[in-house]
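Dear colleague,

I am handing over the structure below, and I would be glad if you could read the notes that follow it with the model open beside you.

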Amino acid sequence: MSMLKNLEAKIEGAVAGAFSRTFKSRVQPVELARRLAKEMDAQKQVSISRVYVPNQFCIYLSPGDRQQFENYEAALKKELSDYLLEHARGEGLALVTRPSIDFETDERLRLGEFGIQAQLLGEPSEGSDEPGPSGDFGHTMVYSPDASARRVDPPATAGRALLVSDGKRRVLSGDRLVIGRSRDCDLVVEDQNVSRRHAELRREDRDWVLVDLGSTNGIKLNGRRVERSPLSSGDEITLGTTRMSFELE
C-alpha cells in the first residue's frame, strides 16, 4: 500500500468510518499530504553533510473547509505529521524536529482552496557540526482545484495600527482590544446602543480582524453588517451610533 493510500486509510479509521461523509469540501486530506510533501521537497537547505527540509507547516483553509475538519483536526495533524516524517526518511532528508502541522482560517480563500507556509525552525542536535538552519521562508503557496498553484508573498511590514474616534487616536498594542460599554473593556464607549462587550479587534499574524462578540445591535464595516472581517487602513467601523476608523501608519 502506498504512503498516501495508507494515510487515507488511517484517517478514515481515526474518524470512525465517517471520512467520506464528513469531508465533503473539495479540500481532501490526501491532497494536503501530497502538497505538504511537495513544499518540503521544494524548500531544501543544503548543509555541510545533510539536506535539511522544513519542519513547521501552517495550512490555511477557507472557513467552510476548516469547519469540515473541526472535529478531526487533532487526528489529521498527527497523520499528516507521520506522513511527512516517513516521506523525509524515505528521501534521506534531514529534519531538525518532528514535522509540526497547524491549521489557520483565512477568509480570503474560497471553498476548495488552501495555502501552505513552510518553515525551518530550531537548531540541530547538540554536538552537531551542521549550521543552524532557521527562519521563515517568507511566502505561502496557495493551491486551487481550478487554477495553478500561486505564490503569495507577505505584505510589507505595516507600522502602528490606530483606532480613531471623536478626534482621538488610540494606538493598538498587544493582540486584543475589547470595545463596549462595560468599564472592564479596553475601550469604553458611552453609547446606549452599544453592548457591554460589543466587539473585539484581534491581531492575527500580520493582520487585524474585527469580531462581533454577540452584540445586540451588531457591527458595521464600511456600512455593511459583518460578524467577522479583516481590517484595512481607512476602514470605518460603526458600533451603535458610534463611528471610528481603523488606520495603519
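Two strands are said to pair if DSSP finds at least two bridges between them. By that rule, strand E8 and strand E9 (residues 168-171) pair in the antiparallel sense, with 4 bridges between them. Please keep in mind throughout that this is a predicted model.

I begin with E8. Within this pairing Val164 stands opposite Arg169 in E9, and the two strands form a hairpin with 2 residues between them, where Asp166 in the turn has a positive phi of about 55°. E8 also runs antiparallel to strand E18 (residues 242-248), to which 4 bridges join it, and there the bridge partner of Ala161 is Leu248 in E18.

How many of the residues of strand E8 (residues 161-165) are buried? The strand is mostly covered, with 5 of its 5 residues buried. In a regular strand the side chains alternate between the two faces of the sheet.

Elsewhere, an open sheet of mixed pairing is formed by 5 strands in the order E11-E10-E12-E13-E16. Its edge strands, each of which pairs on one side only, are strand E11 (187-188) and strand E16 (228-230). Inside that order, strand E12 (residues 199-204) pairs with strand E13 (residues 207-212) over 6 bridges in the antiparallel sense, and Arg203 stands opposite Trp208 in E13.

With best wishes

Notes: Residues are numbered from 1 along each chain as its sequence is written. This is a predicted model: local features need pLDDT of at least 70, side-chain atom pairs count only at pLDDT 80 or more; totals for chains, interfaces and linings use all residues. Side-chain values use heavy atoms; hydrogens and water are left out. Buried means under 20% relative accessible area, exposed over 50%, partly exposed in between (1.4 Å probe, protein chains only).
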